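Welcome, and please take a moment to turn the model around before reading on.

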Amino acid sequence: MGKLSTKKNAMGKKTTREKPFPIDKLLYPSLLIAISAILYTLFKTILTNTPIERLDATDGLLISDTFTGTNGPYVILCLDEEQYQKGARLNSAFSDSESIISTLLDPTTSLPIAKFATVDCSAVSTKAGSSISTRYGIDETVKPASVSIIGRSGTLTQVKPGHLKSGYTLSKVVRGLVEVRARKVDSTKGMREKCTEGLGGDKGGCVVLMKGGTSTVDGGVGRKEFKDFMAGYADEVEFVTVDCTKLEVQGVEGRMKEEYTEGYDRLVMFTSGDDGGLRVKSFKDVWHKDSLGKWLLEGLSGEDVGGAVKAESIKVKTRSKRSREMGKKRAQDKAKGSRDKVKKDATSKNRKKRSKLFGSPGDGDDKPNYGGGDKKEMRRAERERQKERAERERKEKEDNMTEEEKERRDRRREEERRRRMEEEMNRGIIEEGDEDDFIEVEGGEEEEVEEEDILEL
């Protein structure tokens, strides 16, 4: 409803009527909403219609390099040439996933973690002499679409129909197969199969991330740096993780520079040694991809590594209750040490600041010498300084006074003394005839004195 307005008519009487609703005030917001909706639709259409790479199925070398992983990770949609020429609409999950993945960059190349392309899988490659689907085992009958993911190692994985429900679901699958991730180890057999076996071949070493629990230390910076570090060296070493809050790696932890501490991650690397043994190198430095890379290269080259151990002696077992308790205690000691260090640094900083402001022992007699004394002594010395400063200012002021100013001061003091005497007499504190027993002392204050004292004065 509109607002009520009161006006006088021609007869001088007040009339009340309702003002019309200000429709013009809604015009600009409505216009803004409409323009935003148009721009959003246009932007979405542009993204959807962005041309995705089309592979030439007759180029045998290109197809071979793409499907073996030589050209990097790829997400391939099978789309025959006839449908492509007709401008058939791509699968929505495939196109939406391309928009999502294009924003995720590989830290080593600054390019998207995977490329998207379409190809006629039923076409015959000139190099292989057979269709792409036959050569690489792709099922083109999968509905709603035949999508395959080629990982970093060249392994081809065909996407299940349930993973094509949305672009977000497909993107999760792509990231899981394309991004470098450490494989989880929870048994001695898993450590042997995923890490220690086959060292010295394609993989020069194996790096084990021994997790100490939830990464609350440094806000998780260490694990973020480790992730970038893995992306840069995934082709040279294998990466695995062990949850050391529940498990312990026997045969290794005793050789490490750091003991298990709850909440703190540790790193150890295995490389092939002499007589079939394994060389062990632990990491103890700032968690940064540069320092991690230096540590890795030193381990691969055999610099500053520990003695060899037998692969059979490395076992993954359940961590004992005592070991878990000791890990918690070390974490508490570390936290206490950090707090004590912060407190010590703050105390040192305050002491330096105090020394700068008030002086330190041996600075001279013109400054108060606190010498690290307590606060009570500091306050007492400061009050003394203020009194001395006030006394100097009063004397300087008196020395600069003229005779007239001194007379006015004396008269003012005499008047003040009389006024105070009258007040005391009214209250019965001073009896009549005792006025002469009061004299004025320096500073304007009065006190009672004996006759002997008056004569001496």
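What follows moves from the overall fold to a pocket, a helix and some single residues.

This is a predicted model, in which local features need pLDDT of at least 70 and side-chain atom pairs count only at pLDDT 80 or more, while totals for chains, interfaces and linings use all residues. Residues are numbered from 1 along each chain as its sequence is written, and side-chain values use heavy atoms, with hydrogens and water left out.

Let us begin with the chain as a whole. The protein chain holds 13 helices and 17 strands; helices (H or I, at least four residues) and strands (E, at least two) are DSSP runs, numbered from the N terminus. Of its 457 residues, 30% are buried, where buried means under 20% relative accessible area, exposed over 50%, and partly exposed in between (1.4 Å probe, protein chains only). Among contacts with a separation of 6 or more, 62% link residues 24 or more positions apart; a contact means heavy atoms within 4.5 Å. The chain exposes about 30700 Å², with carbon and sulfur atoms supplying 49% of that area (Shrake-Rupley method, 1.4 Å probe; for residues, only the protein chains shown count as cover).

Now look for open space. The largest pocket contains about 520 Å³. Of the 19 residues lining this pocket, Arg152, Ser153, Leu177, Glu179 and Glu238 are the closest to its centre. A pocket here is an open set of points on a 1 Å grid over the protein atoms alone, where a 1.4 Å probe fits, with protein on both sides within 12 Å along at least five of seven lines; lining residues have an atom within 4 Å of a point. Grid points are joined across faces, edges and corners, and the volume is the space filled by probe spheres set on the points. Helix 6 (167–178) and strand 10 (237–243) each give at least two residues to the lining. By type, the lining has 7 nonpolar, 5 polar and 7 charged residues, with Ala, Val, Leu, Ile, Met, Phe, Trp, Tyr, Cys and Pro counted as nonpolar, Asp, Glu, Lys and Arg as charged, and the others, Gly among them, as polar.

Strand 10 also holds Thr241, which counts as buried because its relative accessibility is 10%. Beyond residues up to four places away in sequence, Thr241 touches Ala182, Arg183, Lys184, Val185, Leu209 and Lys211.

Which residues of helix 2 (residues 60–67) are buried? They are Gly60, Ile63, Ser64, Thr66 and Phe67. Seen down the axis of helix 2, these buried residues fall within an arc of 165 degrees, so they line one face of the helix; the arc is that of the directions from the helix axis to the C-beta atoms. Their cover includes strand 4 (74–78), strand 5 (115–119), helix 5 (132–136), strand 6 (147–150) and strand 7 (156–158). Just after helix 2, Gly69 has a positive phi of about 90 degrees.

In strand 4 you will find Ile76, buried with a relative accessible area of 1%. Leaving aside neighbours within four places in sequence, its contacts include Thr66, Phe67 and Ser146.

Ser146 sits in the loop between helix 5 and strand 6 and is buried, at 4% relative accessible area. Pro144 lies in that loop too, and a cis peptide bond joins Lys143 to Pro144, with omega about 5 degrees.
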